Amino acid sequence: MKQFLHKYFGATKWKRLFDIVVSFFSLIILSPLFLFIMAVNYFTPNCKVFFSHERRGRSGKPFRIYKFQTMKNDTPNCATGELENPEQYITKFGAFLRKTSMDELPQLWNILKGDMSFVGPRPLISSEIRAHRLRLEYGVYRFRPGLTGWAQINGRDDISLMKKMKLDKEYCDKWSLKLDLIILLRSFGVVVKQKGYQEGAIHRR
């Protein structure tokens, strides 16, 4: 048991070190892209540059997640999937950001701060009570939420909430640095092919 704990916590330290180093240099390398997106959003009518929202992190504690705003300021304050016609609230540039997942880039700051990791279960909105209870039951909150995760490369928006929760549990139970690397590599293909992407099925703004 002692050897297992030493191996487990030793590996999680390497995971955190990877997050810090890669997020730091990514923020520097991608700074021109950040500036471009910020400029477009700034000059887009009825749209702010960034959007922040409360999510549930490690141990179920709330934190503020950051994104590039993709929806208009007058959008009702609810999950995208609850909107009758979400497309009417999304800006033209925002639609591109969402399809390419570039609206998620500011979460590199969340990763650097320690709110998130590159790989882990996607962070829940606090109002997602059922999913929150399932994560508590499954022990998912022992990991930081991720920019991408096991559920995102195994169906993304095409699978049910229960399926996502089971995949999150499977990730946590089988976690290893090798699994994180596999998820990261496969995530690039999912984003490029827009595999499993459905507007309104994920909670963005």
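A: On a 1 Å grid over the protein atoms alone, a cavity is a set of points where a 1.4 Å probe fits but cannot get out, whereas a pocket is an open set with protein on both sides within 12 Å along at least five of seven lines, and lining residues have an atom within 4 Å of a point. Grid points are joined across faces, edges and corners, and a volume is the space filled by probe spheres set on the points. This is a predicted model, in which local features need pLDDT of at least 70 and side-chain atom pairs count only at pLDDT 80 or more, while totals for chains, interfaces and linings use all residues. Residues are numbered from 1 along each chain as its sequence is written, and side-chain values use heavy atoms, with hydrogens and water left out.

Q: OK, how many cavities of 30 Å³ or more turn up, and what volume does the largest have?
A: The search of the whole structure finds 1, and the volume of the largest cavity is about 40 Å³.

Q: Which residues line the largest cavity?
A: Its lining includes Arg-56, Arg-58, Arg-135 and Arg-144, along with Tyr-141 and Phe-143. By class the lining divides into 5 nonpolar, 1 polar and 4 charged residues, where Ala, Val, Leu, Ile, Met, Phe, Trp, Tyr, Cys and Pro count as nonpolar, Asp, Glu, Lys and Arg as charged, and the others, Gly among them, as polar.

Q: What stands opposite Arg-56 in strand 4, and what is its bridge partner in strand 2?
A: In strand 4 Arg-56 faces Leu-124, and in strand 2 its bridge partner is Pro-62. Strands here are DSSP runs of E with at least two residues, helices are runs of H or I with at least four, both numbered from the N terminus, and two strands pair if DSSP finds at least two bridges between them.

Q: So what order do the strands take in the sheet?
A: The open sheet of 3 strands has the order 2-1-4, with antiparallel pairing, and strand 2 and strand 4 are the edge strands, each pairing on one side only. Strand 1 (residues 50–56) is joined to strand 2 (residues 62–68) by 7 bridges, and to strand 4 (residues 124–125) by 2.

Q: Switching topic, how much space lies in the largest pocket, and which element gives the most to its lining?
A: The largest pocket holds about 1200 Å³, and helix 7 gives the most to its lining, with 8 residues. The lining has 46 residues, and among those nearest the centre are Ser-101, Glu-104 and Arg-122.
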